[in-house]
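Hi there,

Here is the structure I promised to pass on. Have a look at it first, and then read my notes below.

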Amino acid sequence: MIPIEYFLALGAILFIIGAYGVLTKRNAIVVLMSIELMLNAANINFVAFSSFYGDVRGQIFALFSIAVAAAEVAVGLAILLALSKTRDTINLDEISLLRW
Amino acid sequence: MLENFPILSLLILFPLVGAILVFLTGRNGKAAKFIALAFSAAPLILSGVLLASFQMSFGEYQFQENHTWIESFGISYSLGVDGISIPMAFLTALLCFLAILFSWDVEHRTKEYMGLMLVLEVGVMGVFTSLDYFLFYVFWEVVLIPMYFLIAIWGGPRRAYASIKFFIYTHVASLAMLISIMALYFEAKPVLGYASFSMIDIATVSGGFGHLFQVAAFGALFFAFGVKMPIVPFHTWLPDAHVEAPTAGSVLLAGLLLKMGSYGIIRVALPTLPEGAQVLMPLMLAIAIVSIIYGAVICLAQRDLKKMVAFSSISHMGIVLLGIATASQLGIAAAVFQMFAHGLITAVLFMMCGVVQHKAGTREIPLLGGLASKMPYAATFMTIGFLASLGLPGMVGFVAEFSVFIATFDAYTWLLLLPIASVAITAGYYLWALQRTMFGPLTEKIDTSHLHDVSWYEAVPLAILSFLMILFGMLPGLIMDYIIPSAGIISGILGVG
Amino acid sequence: MQPIEFAWLIPVFPLVAAIAIGLFGKKLKEGGGYVAVVAAIASLAITAAVVVQVLDGSFDSADGVMDGVFEQSQMWLTLTDSYSFEVGIYIDQLTALMLVVVSLVSTLVIVYSLAYMGGEGERKRRYYTEISLFVGVMLGLVLANNYLELFIFWELVGLCSYLLIGFWYHKPSAASAAKKAFIVTRVGDIMFMIGLIILFTTFKTLNFRDLFEIEASGTDLSLLTIGTIMIFGGAIGKSAQFPLHDWLPDAMEGPTTVSALIHAATMVKAGVYLVARSFPLFVQTPETLLVVAIIGGVTAFMAATMALNNPNIKRVLAYSTISQLGYMMLALGAGGYLFFHTQHAEGYTSSMFHLMNHAFFKALLFLCAGSVIHAVHTEDMRLMGGLNRKMKITSFTMLIGALSISGIPPFSGFWSKDEVLATVWEAGDLSWVFVLLYFLGIATAFMTAFYMFRLWFMTFTGKPSVASDHAHESPRVMTYPLILLAILAAGSFLVLFVGGGFGGQVFFEEPHSLAPAEVLTATFAEPITYLSIIVAICGVGLAYAVYYRKSISSDVFVSTKASRTMYDVLIKRYGFAAAYDAFAEKVVYGFSKLVDLFDIYVIDGIVNGFAFIFARSGNIIRRLQTGQVQLYAAIVIAGISIVFILLYLVGGLR
């Protein structure tokens, strides 16, 4: 049996990679992908704890969040599409509408 | 018969219903005017009934209504009046009615104007009748909003500045009040054993609060109410607000809103925190004297008639504070009487400023002159108003000032010389203003060919108020008899006979 | 029922008339003038009935106390258990005297007004409203049974004075004069108010009867001294005594009838009346009495000097009024001082006697002046002259008035002035101050005779001037009151010889009745009587020499440098008018401007400064809101990390 720490470490590494991507990448698609990574890091933790405690609720949550992530990507991509249509760019540095 | 009749609720409800109805009327302003007049006349009649059925010799709260509102926080809908609030309630009903009548010629967004006036009446009436801190605070804030809009929409050229200044200034003060109300609530909770916002409940235990707490809470309340009165140096919102406000707005602002401040001190701050009051009494006295003299002196330098009247309010509210600062039965009673008197008098003064503005097109004193020959009735009303305000005996202001001065000499002897000297200055600026606006040769600096005398809707309120000023000056007992017993209860709490 | 029980009606008639004229005057004949006359006559009738009853003492006082005082009162305002005020009437001999003077003179003046004010058109309504109001409140003042009520009426007569001085408000000078009169007397009134407050807080009552029974001692006495001095401050303002005298000459801007009634015969007497009414209090405090006497003497002298060279006929009379009021104050002060030390109260009687006589002859003089002004349309005596042939009645009655005020026997002014001076002389035994005041009084008597005859000669004799060409005698409505007043001015001394004499009717403490023969011996056995007669004759003689015979040129008064300076100083009223103006304009208004700037730049500056600081700091901080999503995210992550690290460090995670 693989100790739970390994899963948690994998989750943490994925999360950090994702966060790094969100904070540094200029391309909005890449940022969206990085967010997926962070979500999946959380999913790994859910599944790991589920098997650790022998409780299925963790798996249910993981499935639930995958569904939400799918919806979120759909909305996110739609926003990006609208953005690229109206402003001709998906570079995040150039999109700062909510500024002072 | 009237024991279980919810007369106080009706006093608040009538203008509220009226306001809703006014907002529902169509574009035609005429319906709005009549509805507003009718629904402000009803509270006036009710307050007359209230005055008639109030038991004067008995100073405690009467006509109480108590309904639980939010039980878990100890908030209740409780109303009641004593000898201090009842003249104020009458004044509120009277001035709102007359102000609405006086605004008969408002053509710009009439519906909203009339509605806001009624909402204002709801708030002020609520402040003067509520016996629950939470309710009191709610009504207190309700008053701010219509007044803000009255200045911001129907105001003069600098209305944006003035309305924001008014709102923020008084709102900061309200926050100080909210903090001290909360502090009182939480401090009283363990002593009482239950949560309660009731003024009566909290007052039963608050006398035993710690010394430092009392001083701090009283200080915060004094600041909160003092800004509203206003006291020097927190007064600068007042001249700006008055100069920009429409006439009826000024009438209610000076006639009623300022009274809320002094009423708050008498109703809330003094009896709840007697020890704090004792400690801060010298401060109140000093501020009162400074306000009286400062307000009077600064009036002499004003060029705008309305600004002069606004500053005179500071001086006269200083006399109210002086009465309060004696902490004696006579002083407090005289202060309340001065509040009532000042309400009647400033109403006339601001109405006259409005008349001059409407007819002559300007309020700049140096541009005016000799108007009496073109508008004799206006000149008569102005003379009556000015004379009442400078404390001419036989009119209502004199009784108030004289009683305050007696109380001051009783409490502080020769300190009286400072405030009493202001009486000469007051006479000076009023008569000088009268001479420069109404007397002398007719001015040639403005076009006077279309100048005509007061209209009926201006003359009626002015005549009613002038009559009342003389009536209550000749027979001050009509109002004083209500006030005295209740003032005795408050001075009794303060421990000064 | 006895007539005295209806005394409260005396002020009611004119007050009702004032309201009626004010409301319906436009529809009434003569702007309501006849209503005013009828009301005044009604008051006069009741007054007569009341006075008769007071004089023979045949009334039951309402409260059963038989001390020659009739009092009716009821509660007006209850402040606290120990503080309450009454409203009521209080009638003794002093009240009766004042009632006669006020209602008689006002009736005559209002009748006279029917012609004098006939050409005022629409304004007549205002005139009769205000003058009826004045008569009502003046009678109320006289009848009041406590100081507060007296003070209320006191201020209301001041109001009427203000309104009537400013009757021709379109004239800037009239508007200014009205304002000056109100504010200057207001300064005195503030002192009066302080006095009332001191008395009230010390003795818990303002009722005359209760206060007069007080015999103060210790702290109370020192408070009583301050209190009485303060009350006298009110009298200084109202009776135009030094240093608050300067409003009265300006008050001549009002119609002449107003000057005659308010600013000569009645309202300005209120100050003297107040001191006389408070006599039981004043006689307990010799310091106050000394102040009263000194102020009175100085005023009498100073005002007389200013009357010497003034060219305006009404102003001469105004200064003369101030001067004569000074005499009355002097007599009260000296008489009270005498009473304090020797229990002789003749000074009080002499002052009241002079008050009555002065009311008659000064009203007469003013109304004559009014008649002249009516005829020549100017107040400048240099433009008059030679009027005695055209205006025989006016000139003759005015001569009687002038003889009376100058103190030429047997006219009534002589008797009272002589008594006043005799009182001061007698008080001279007690203090050297009174000797000085006596000589001031004698000098004043000389000047009075001089300036009155200067006035008469300049107006009625000499060459007719241009202005006098079209002059003609006034109508009978005006001359009949003049004749009546002239009879009174000449013959009011006769009261000395009927009954117990004046001192047997109007007195303080004990009546000092004198038989006619005693009066004569008491007067003419004293050498100082002859001194006052001689100076009066000298004054008349000098005026005769300068202004009638012209044997001495009037240029002597301006020819040398010293006399020229004197002349200018007097014309400039010793600089008082300028000093008042400078004080108001420079000191008070300047200070006010300063405070206004302080308010705008300092206090409001701080308020706006706060607003500015918040607006500015918001302006800086909002730049953190870059709109960069990733920056926000980084801040969120950094924030969460810090929270967790802190939690870890404090052990919250364990």
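**How the chains meet**

Two pairs of chains are in contact, and the pair with the most contacts is chains B and C. Please keep in mind that this is a predicted model.

Chain A also touches chain C: 10 residues of chain A are in contact with 11 residues of chain C. On the chain A side of that meeting, seven residues are nonpolar, one is polar and two are charged. Chains A and B are another story, as no contact joins them and their closest C-alpha atoms lie 22 Å apart.

**Inside chain C**

Now zoom in on helix H16 of chain C, which runs over residues 392-406. From first C-alpha to last, the 15 residues of H16(C) reach 21 Å, close to the 21 Å expected at 1.5 Å a residue.

Why do I call H16(C) largely enclosed by the rest of the structure? Because 11 of its 15 residues are buried. Among them are Thr394(C), Met398(C), Ile400(C), Leu403(C) and Ile405(C). And what covers the buried residues of H16(C)? The cover includes helices H14 (313-342), H15 (346-376), H17 (412-427), H18 (432-460), H19 (476-491) and H22 (527-548) of chain C.

Cheers

Key:
Residues numbered from 1 in each chain as written. Chains lettered and ligands numbered in written order. Predicted model: local features only at pLDDT ≥ 70, side-chain atom pairs only at ≥ 80, totals over all residues. Helix = DSSP H or I, 4+ residues; strand = E, 2+ residues; numbered from the N terminus. Expected span 1.5 Å × (residues − 1). Buried ≥ 20, exposed ≤ 12 C-beta atoms within 10 Å, placed from the backbone. Contact = placed C-beta atoms within 7 Å. Nonpolar A, V, L, I, M, F, W, Y, C, P; charged D, E, K, R; others polar.
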